[in-house]
Amino acid sequence: MGLRKNQATLSAGEKARFIEAILRLKANRIYDEYVLQHREAMNDMMRMPAHGGPAFLPWHRELLRRFELDLQRIDPSVTIPYWDWTVDRSLASSLWSSDFMGGNGELDSRRVTTGPFAFDTGRWNLTVTSPGDPGPALRRALGQSSGLPTAMQVEAALTRVPYDRSPWMGSTQSFRGVLENLVHNPVHAWVGGSMTQATSPNDPVFFLLHCNIDRLWALWQARHPNERPYLPAAEGMPGHNLNDPMSPWGGTTTPASVLDHRRLGYWYDTDVVDSIIDLTIGADATQASIERAGETDIYRFVVRTAGTYIIETEGPTDVVMSLFGPNSDTALVTEDDDSGGDRNARIASRLSAGTYFVRVRHYQPASIGSYRIAVRSERPQAPLPEIQVNGTAIQGNIEAANESDIYTFTAETTGLYTIVTAGNTDTFLTLFGPNSQTRLIVTDDDSGPGLNSMIVADLVTGVYFVRVRHFSPTSTGAYHLSVSR
Ligand code: CU
Ligand code: CU
């Protein structure tokens, strides 16, 4: 579960879970460690690794990833959303509503009075402070002293090369320099109050701001495949070179270690990838090619019944194949870079039911070439369990972590159908169809204060597929499933 989304697209449930995880990190004091790390990094004038230099982007990427992993220890479904201020640029944006970041500071005192971080809730007192922001109230002065960067200004940063250049610290003649100084700094100023201090992570919107900055770095890398993704290699100040340990983490945490955000385990909904191609188990091989240096092709297939599956590439192109799933494009199952004397890749793996993703790239990053890919089952599969519409509920069971169960039902007439789970297991329903296991209709992760999941959908006649999995990927449990018209 590593997809970072635009905050404007989050559901009410996703927002509530993000806020709740933050409040719990604050309550157990882990949140304040991030505020402290940021303050120390800004005050460390000897080796400023975090700001005003090339390591600005990798340093904040590492900070955000650690923060996100801490949130996920509380709620595995949470990722950090990003704030695209070229679109959400008004005080009326849902970003500032009281079910999410809360609103502006009040006049004069600038204390935030609405939302989960309001000063009088008792849940959000600033404990790591700056001389300019002594707390205990979070403060904001939205739009008082700066404008938000426009889409044109962001685009101007994205077209700028190289990543950075000498003089390494003050340059605005590079991508990093423009992004940090002309795009990032004004957003801190626009929010104002606590966000203008070395302790700016006291305002949780800090993480949404930096998530967007991190996303823009990823977009820049994808747009400039022939640029060095990071500079300087060794000519900069200590802490800023490609392989320098970054303070305070040290050790193997270097700019080089965070260059590929997907290898850290998260993605953006704006990542530039070729469209996903659906593979059918047992079908003829699909013809494909790596057309650009560095290209990754992504495939998807649905396993209905647990069993052993074989994914194979053919042809003269030497490819590396990685398998992810179930129901995740970041949870690695296995990888194969060379299956022997021929130049192809082959994965044979025992898979539970669910959706799987295959990534194919060239073994040599600078090379291109064509190949074919196919997936097949080692033996014929049993048919899917069928639910009778208006019949008795089916008893199901998530027996293993990450398992998903697939059912089918037939809509014989057009109309409203209700698919519902019952029991003590917190299930997550997904509906596909008609007559397709991959055409998503709707997902329901939580239908309210109860534990179960319900989908009500207007369906045309056809065969539909229902996937049931546990809300928490590591949990198991029994449930009942029924469909009524
Ligand atoms: Cu910072
Ligand atoms: Cu910042």
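Let's start with V456, which is partly exposed, with a relative accessible area of 47%. On that scale, buried means under 20% relative accessible area, exposed means over 50%, and partly exposed is in between, with a 1.4 Å probe and protein chains only. V456 sits in strand 17, residues 454-459. Helices (H or I, at least four residues) and strands (E, at least two) are DSSP runs, numbered from the N terminus.

Before I go on, this is a predicted model: local features need pLDDT of at least 70, side-chain atom pairs count only at pLDDT 80 or more, and totals for chains, interfaces and linings use all residues. Residues are numbered from 1 along each chain as its sequence is written, chains are lettered from A and ligands numbered from 1 in the order in which they are written, and side-chain values use heavy atoms, leaving out hydrogens and water.

As for the whole chain, it is divided into domain 1 (2-265), domain 2 (277-377) and domain 3 (394-484), with bounds from an automatic or database domain assignment. The C-alpha centres of domain 1 and domain 2 are 35 Å apart.

Now for the metals. Which residues coordinate the copper ion (ligand 1)? They are H38, H51 and H60, each through NE2, at 2.0 Å. Donors here are N, O and S atoms within 2.8 Å of the metal (3.2 Å for Na, K and Ca); water is not among the atoms, so sites may look incomplete. Along the sequence, these donor residues are spaced H-x12-H-x8-H. Both H51 and H60 are buried.

How far is the copper ion (ligand 1) from the copper ion (ligand 2)? The two ions are 3.6 Å apart.

The copper ion (ligand 2) has H184, H188 and H210 as its protein donors, again through NE2, at 1.9 to 2.1 Å. Their spacing along the chain is H-x3-H-x21-H. Two of these link distant parts of the chain: H188 is in helix 5 (residues 175-191) and H210 in helix 6, 22 residues apart. H188 is buried, with a relative accessible area of 10%, and H210 is buried too, at 2%.

Let's finish with helix 6 itself, residues 205-223. This helix has 19 residues and reaches 27 Å from its first C-alpha to its last, close to the 27 Å expected at 1.5 Å a residue; the expected span is 1.5 Å times one less than the number of residues. Helix 6 is mostly covered, with 17 of its 19 residues buried.
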